[in-house]
Structures are given as structure tokens and as C-alpha cells.
Amino acid sequence: MNQELILKQAIKDNRATLSNPDSIYKSMLEFQQLLMLYDAGIKQITTKFDILKEEFNTKNLRNPIEAIHSRIKDPMSIIEKLTRKGLSISYKNIVSNLTDVAGVRVVCPFISDVYHVAKMISEQDDVSVITVKDYIKNPKQNGYRSLHLIVNVDVYLSEQKHIIPVEIQVRTIAMDFWASLEHQLHYKKDFKMPENVDSELKSCADIIAQTDKRMQELAKNLPNFKDYSQDLGE
Ligand code: GTP
Ligand code: MG
């Protein structure tokens, strides 16, 4: 949606707040504190993945974790998503309707590693899995593949505990390559792409998926290689 329209909607939804300087300031502080909580959720989860990565390194084992990235959803995307869902722009609606303000992405060498990583994080006592979307077993129509988990993690402040949802995307290097390039090709809507861009992207996704499978077949020859692909309850 057009950014200007979205901002106008946000201003309309918050007219009462914006008409009073004290309440503008109060809302800003509240929003800052909310983002701090999501940032803390990201830190909790990335630390867990960092620790696992270090464990495999120090044991001199093949590492199922190639890279760990994280991001906090930017305010404009938060507003855009609430508007898309037909919700007004408010603190309450962010907390009760968005589960992807905190996002962590783990990139793995092989398909089996994706499920291994998901299993290791899901089994931790202080992580509770809320939803699993397996876009590897059930790819999106456009060819997108990835394993998505929404987990809750505790964040302790000086006086209370908060339960923070974090979206974890786990995918192979090949899936990540496709998703990054597809995102770039679709991000800017203001220039014309060839008409077959979608079918080209789908076809590339399928070739990449085939390659991932062939690479995994080779990996099965590695000592101690275990196939975790069937391990995640659906
Ligand atoms: P969003 O509103 O986009 O967050 O989608 P959703 O709430 O329906 O959840 P879904 O699990 O489908 O997607 C969550 C996230 O996965 C997105 O924000 C993207 O980061 C990623 N994603 C999903 N589909 C695609 C896709 O087709 N291409 C790319 N590049 N990324 C995708
Ligand atoms: Mg999202």
C-alpha cells in the first residue's frame, strides 16, 4: 500500500493522541519501550542460536548453523501490516495481533539441518512454540520455501516478566538465496518487470529445491549425518 495513505490513516487513528503534546510524548515512550521488549526477545533467541553454533564449533563437528540474522520490524511496516489487517494503529493492536515484530533468521547448509535447528530450539524449556509453518514440505505457490516458527520467550525486566513472540525463519543457503533475490525483484513496484517474472521465479525455486535435495543426498555420505527432516511434528 502507498506509504502516504498508510501514514494518513495512522494519523487519523491517533488524532486524539496527536492533539496533545503530553500524550504524544507518552505514546512515543511507550512505543520505544515496546520495541525494547521485542529487541530483548531477539537477543534471547539469537543468543540461543549463537550458543548452539559455538557448541558445534568447539566440538569440531559439522555446523548445522551457517548464519544467524535478526531484524526488528520497522515502524512503517508495523503500520502497513496493521492497516492491511484492517486494524487501527495502536499499541494494543501491535501486541495482540503482530507476531513478527521480532524476527530471527537462521540459514543452514542442508535441508535436514533446518529441521535439526528447529528441533533444538523447540526443545528448550524456556521457549514455547506457538505455530509452525512448513513451507518446505508445503511450498508457497510462488516457490517460496522456509520453515517458520513463532515462539514465545520470557523477557525479565526489573519488576516484571514479559512474554515476547519471536518469528524464527529457518532455511537452507539455497532457499535463502532465492528468497533474497525474489524479495529484491518484487520490492520496488514502480518499474515494469517482464510478464513471465513469476513463472521464471517459480521455475528457479524448483531447480533450487532439486539442487538442495541432491546436495542432501551427497551429505548422507558424511560420517554421523542424521536426517532430521521427519522429526518435526506437524
Ligand atoms: P507477512 O504479512 O508477510 O508477515 O506474512 P504472514 O504473516 O502471512 O506470514 P508468512 O509466514 O507467510 O510470512 C512471514 C515472512 O516470511 C514474511 O514477512 C517474509 O519475511 C517471509 N516470506 C513469506 N513469503 C515470502 C515470499 O514469497 N518471498 C520472500 N522473499 N519472503 C517471504
Ligand atoms: Mg512478516
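I'll start with helix α4, residues 75–84, where Ile78, Glu80 and Leu82 are buried. Buried here means that 20 or more other C-beta atoms, placed from the backbone, lie within 10 Å of the residue's own. Helices are DSSP runs of H or I with at least four residues, strands are runs of E with at least two, and both are numbered from the N terminus. The cover over the buried residues of α4 includes α1 (3–13) and α5 (91–97). After α4 comes glycine 86, with a positive phi near 75°.

Some housekeeping. This is a predicted model, in which local features need pLDDT of at least 70 and side-chain atom pairs count only at pLDDT 80 or more, while totals for chains, interfaces and linings use all residues. Residues are numbered from 1 along each chain as its sequence is written, and chains are lettered from A and ligands numbered from 1 in the order in which they are written.

Now the chain as a whole. It has eight helices and five strands, in the order α-α-α-β-α-α-β-α-β-β-β-α-α from the N terminus. The C-alpha trace spans about 65 × 55 × 30 Å along its principal axes. Of the 234 residues, 24% are buried.

Next, the core. A nonpolar core is a set of buried Ala, Val, Leu, Ile, Met, Phe, Trp, Tyr and Cys residues joined through C-beta atoms within 7 Å. The largest one has 33 residues, and Val106, Val114, Val166 and Ile168 have the most contacts inside it. Two or more residues each come from α3 (21–58), α4, β2 (102–108), α6 (111–122), β4 (147–156) and β5 (161–172). The largest share, six residues, is from α6. Beyond its neighbours within four places in sequence, valine 114 contacts Cys108, Ile136, Leu147, Val170, Arg171 and Thr172; a contact is a pair of C-beta atoms, placed from the backbone, within 7 Å.

On to the strands, which pair if DSSP finds at least two bridges between them. β2 and β5 pair in the parallel sense over six bridges, with cysteine 108 opposite threonine 172 in β5. β4 and β5 pair in the antiparallel sense over ten bridges, and a hairpin of four residues joins them. Isoleucine 150 stands opposite glutamate 167 in β5.

Last, which residues are around ligand 1? They are Lys81, Asp100, Lys133, Lys140, Asn142, Tyr144, His148, Gln169, Ala179, Glu182 and His183, taking a C-beta atom, placed from the backbone, within 6 Å of the molecule as the cut-off. Helix α7 (residues 173–187) gives the most to this shell, three residues.

Terms used: Buried ≥ 20, exposed ≤ 12 C-beta atoms within 10 Å, placed from the backbone. Contact = placed C-beta atoms within 7 Å.
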